[in-house]
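Hello,

Here is the structure I said I would pass on. My notes follow below it.

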Amino acid sequence: MALISQVFGNEIFDPFLCMINKCPVLNTPTDWKETTEAHVFIADLPGLNKEELNVEVVDDGRVLQLSGERKEEKGDENVKWHTGERFRGKFLRRFRLPENAKTDEVKASMENGVLTVTVPKQEPKKPERRVIEIEEK
């Protein structure tokens, strides 16, 4: 029983929920859709404001990185907690962007705890063809 408590914490009755809350990928649900004009990322981040989030393009403009932290609530000794299921702590999501992403024009907005990041698309580079003249010797 002690081993179960070490692995799953106090969530003996629902260890799956405990695993979700401790996983930075599962606790930050994010959709990625592609339109004709852009790649759009939509992340549910209830209770967070824009000051608690970071939206970055890293790794030479190839990776979109969403990160932040949901702070622990201050303890009140007069409050008795029965269940704590909402995720607290740091999170980090990374998405490898395709070649057609215009990473210098990324825009982000937040409304009602939903972060929307728009990465415009550009025309894919066509393979360059260069004709080489043959010299006579």
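Strands here are DSSP runs of E of at least two residues, and helices are runs of H or I of at least four residues, both numbered from the N terminus. The model is predicted, so local features need pLDDT of at least 70 and side-chain atom pairs count only at pLDDT 80 or more, while totals for chains, interfaces and linings use all residues. Residues are numbered from 1 along each chain as its sequence is written, and side-chain values use heavy atoms, with hydrogens and water left out.

Two loop residues other than glycine have positive phi. Asp60 lies in the loop between β3 (53-58) and β4 (63-70), and its phi is near 55°. Asp60 is exposed, because its relative accessibility is 79% (exposed is over 50%, buried under 20%, partly exposed in between, with a 1.4 Å probe and protein chains only). Asn112 sits in the loop between β6 (107-111) and β7 (114-120); its phi is also near 55°, and at 74% relative accessible area Asn112 is exposed.

Strand β4 contains Gln65, which is buried at 12%. The side chains of Gln65 and Arg94 make a polar contact of 2.5 Å (N or O atoms within 3.5 Å; within protein, one able to donate a hydrogen and the other to accept it, and residues adjacent in sequence counting only if both atoms are side-chain atoms).

Strands β1 (residues 30-34) and β2 (residues 38-44) run antiparallel, joined by five bridges; pairing takes at least two DSSP bridges. They form a hairpin with three residues between them, and Asp31 stands opposite Ile42 in β2.

Regards
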